[in-house]
Amino acid sequence: EKILTHLRSFEMEVNRFYTNHVMMVEPTKFFFNTETACDNEFMHNVEEDNEAIANKAIQEHRDLRAKIEEAGITVTKYEQMADDLPDSLFPNNWFSTHKYPGNIDNRLVCVYPMKAPTRQREVNPKIIEDFSDPESHTIDLTGFCEKGQVLEGTGALIFDPVNLKVYANISQRCEKDVLDHFLEQFNSKCQEPFRSVVFSSCTSSGTPIYHTNVMFSVLSEHIVVCLESIPDEEERKKVVEEITSSELNKYPKKLLEISLDEVNNMCGNIICVLNKDQEPCVIMATTAYNGFKPENLEELKAHYKIIHSDVSTIEKIGGGSAR
C-alpha cells in the first residue's frame with residue numbers, strides 16, 4: 001500500500017506540469033516553403049498542384065484535431081492569418097505558454113524570433129491576447145529578428161519543468177546567445193530557476209538537425225532521445241546523465257532511446273498531454289506509430305494512451321509532424 005501511495009503521489013506531482021488544453025492553427029494554404037527548406041532535410045518538394053496539397057493538409061489537420069478532442073483533450077483552434085504563410089500550422093515555433101504550479105503560478109507567454117521572414121510574419125496578436133490575462137507575463141524576443149538571431153520556440157527548446165531543465169540542440173534555429181538571454185528572462189519569472197542542457201545533433205547524412213523536437217521529447221515518465229544523432233561522445237554521455245541521474249533530477253526519467261531511422265519516421269516529434277480524466281496521453285503521427293521499434297512502442301503503450309493520425313502530407317512538404 002505504501003508503494004502504491006508513493007506511485008500515486010508521484011503521478012500527481014508530475015502530471016500537474018502537463019496540460020489538458022492545446023492550441024492548433026488550421027492551414028488555409030499549405031505548400032512547400034523554399035525559405036525554410038535550406039536547413040530542414042525533412043522537407044520534400046513534390047510535383048503536385050498546390051491546391052491539392054493544401055486540401056490534403058487541411059483534412060489531415062482536421063482529422064488530427066478530431067482525434068485529440070475525441071480523446072478528451074480541449075483544443076482551441078485558429079486559422080492561418082494569410083495565404084502566403086504556409087508553415088502557420090506549426091505555431092509552437094513562435095509561441096509558447098508556461099504555468100507550473102509552485103514555480104510559475106501566473107501564466108507566462110513567450111514569443112520567439114524566427115529565422116525565415118515568412119515565419120516571422122506568423123506572429124498573431126490575437127493568439128497572444130487570447131492567452132494573456134491581467135495576471136500573466138510576456139517575454140517577447142522578436143526584436144532579435146532585426147539582428148538576424150534566432151530561437152524557434154519549443155521546436156528548439158524542450159522543457160522538463162519537473163526537473164527544471166531546458167534541453168536544446170544548437171543549430172541555425174537555436175542560437176546559444178539568444179537561449180542564454182531567454183533563460184535569464186524566463187528565470188526572472190520563476191521561483192526556482194531552470195538551467196539549459198545543450199548539445200549538437202545530426203541526421204543520418206551528417207546534416208545538423210534543425211529542431212531539437214525532431215530527436216528529443218520529454219514525456220511524464222520518459223525522455224525519448226536519439227543518442228545516435230549526437231556525434232560528440234562527451235555530449236552524449238552528458239545527455240544520458242542529465243536524463244537518468246538521481247543527483248541531477250528531482251524525478252529522474254526513464255530514457256527511451258530511438259534510432260536515426262525512427263527519427264526519420266518522426267518518432268521524436270511527439271508530445272505528452274493529459275485527457276479530461278488526468279490520464280497521460282502521447283500525441284504522434286501515424287508515421288511515428290508505425291515507425292517505432294516494436295519494443296519502444298510497447299513501452300509507450302504500457303504507460304500512455306496513444307493518439308495517432310495520418311499527417312503524411314504535412315510531414316513530407318512541411319518537414320514537421322504532430323508535435
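In this predicted model, the charged end of lysine 147 sits over the ring of phenylalanine 144, at 4.9 Å from the centre of that ring.

**Aromatic pairs**

- A pair of aromatic rings is described by how far apart the centres are and by the angle between the planes.
- The rings of phenylalanine 159 and phenylalanine 194 have centres 6.3 Å apart and planes at 75°, and because an angle over 60 degrees counts as edge-to-face, this pair is edge-to-face.
- Phenylalanine 159 belongs to strand S6 (residues 157-160), while phenylalanine 194 belongs to the loop between helix H7 (176-187) and strand S8 (195-199), so their pairing ties together parts that are 35 residues apart in sequence.
- Phenylalanine 159 and phenylalanine 194 are both buried.
- Phenylalanine 194 also pairs with phenylalanine 186, with ring centres 5.1 Å apart and planes at 90°, so this pair is edge-to-face as well, and both of its residues are buried.
- Ring pairs join Phe159, Phe186 and Phe194 into a cluster that also includes Phe17, Tyr100, Tyr112 and Phe182.

**Nonpolar cores**

- In soluble globular proteins, nonpolar side chains tend to be buried together.
- The largest nonpolar core here has 65 residues, and those with the most contacts inside it are Leu157, Phe182, Phe186 and Phe216.
- Helix H7 contributes the largest share of this core, namely five residues.
- Which residues does leucine 157 contact, once its neighbours within four places in sequence are left aside? They are Tyr112, Leu151, Val166, Tyr167, Ala168, Cys174, Leu179 and Phe182.
- Another core, of 23 residues, lies apart from the largest one, and Met43, Ile53, Leu64 and Val273 are among its members.

- Five of the five residues of strand S7 (residues 165-169) are buried, so the strand is largely enclosed by the rest of the structure.
- Lys165, Tyr167 and Asn169 point one way from S7, whereas Val166 and Ala168 point the other way, and all of them are buried.
- S7 pairs with S6 in the antiparallel sense over four bridges, and within this pairing alanine 168 of S7 is the bridge partner of leucine 157.
- S7 pairs with S8 in the parallel sense over five bridges, and here arginine 195 of S8 is the bridge partner of lysine 165.
- Together, S7, H7 and S8 make a right-handed β-α-β unit.

**Strands S3 and S4**

- Strand S3 (residues 95-100) and strand S4 (residues 104-111) pair in the antiparallel sense over five bridges, with valine 111 in S4 as the bridge partner of phenylalanine 95.
- The hairpin of S3 and S4 has three residues between the strands, and in this hairpin glycine 102 takes a positive phi near 90°.

- The hairpin of S6 and S7 has four residues between its strands, and leucine 164, which is found in the loop between S6 and S7, has a positive phi of about 60° although it is not a glycine.
- Glutamine 278, another residue other than glycine, has a positive phi near 65°, and it lies in the loop between strand S12 (271-274) and strand S13 (280-285).
- Glutamine 278 has a relative accessible area of 42%, and it is therefore partly exposed.

How values were computed: Residues numbered from 1 in each chain as written. Predicted model: local features only at pLDDT ≥ 70, side-chain atom pairs only at ≥ 80, totals over all residues. Heavy atoms only, no water. Phe/Tyr/Trp six-rings, centres within 6.5 Å; stacked < 30°, edge-to-face > 60°. Helix = DSSP H or I, 4+ residues; strand = E, 2+ residues; numbered from the N terminus. Buried < 20%, exposed > 50% of the residue type's maximum accessible area, 1.4 Å probe, protein only. Lys NZ or Arg CZ within 6 Å of the ring centre and 35° of its normal. Core = buried A, V, L, I, M, F, W, Y, C linked by side-chain atoms within 4.5 Å. Contact = heavy atoms within 4.5 Å. Pairing = 2+ DSSP bridges. Right-handed = clockwise from strand over helix to strand, strands pointing away.
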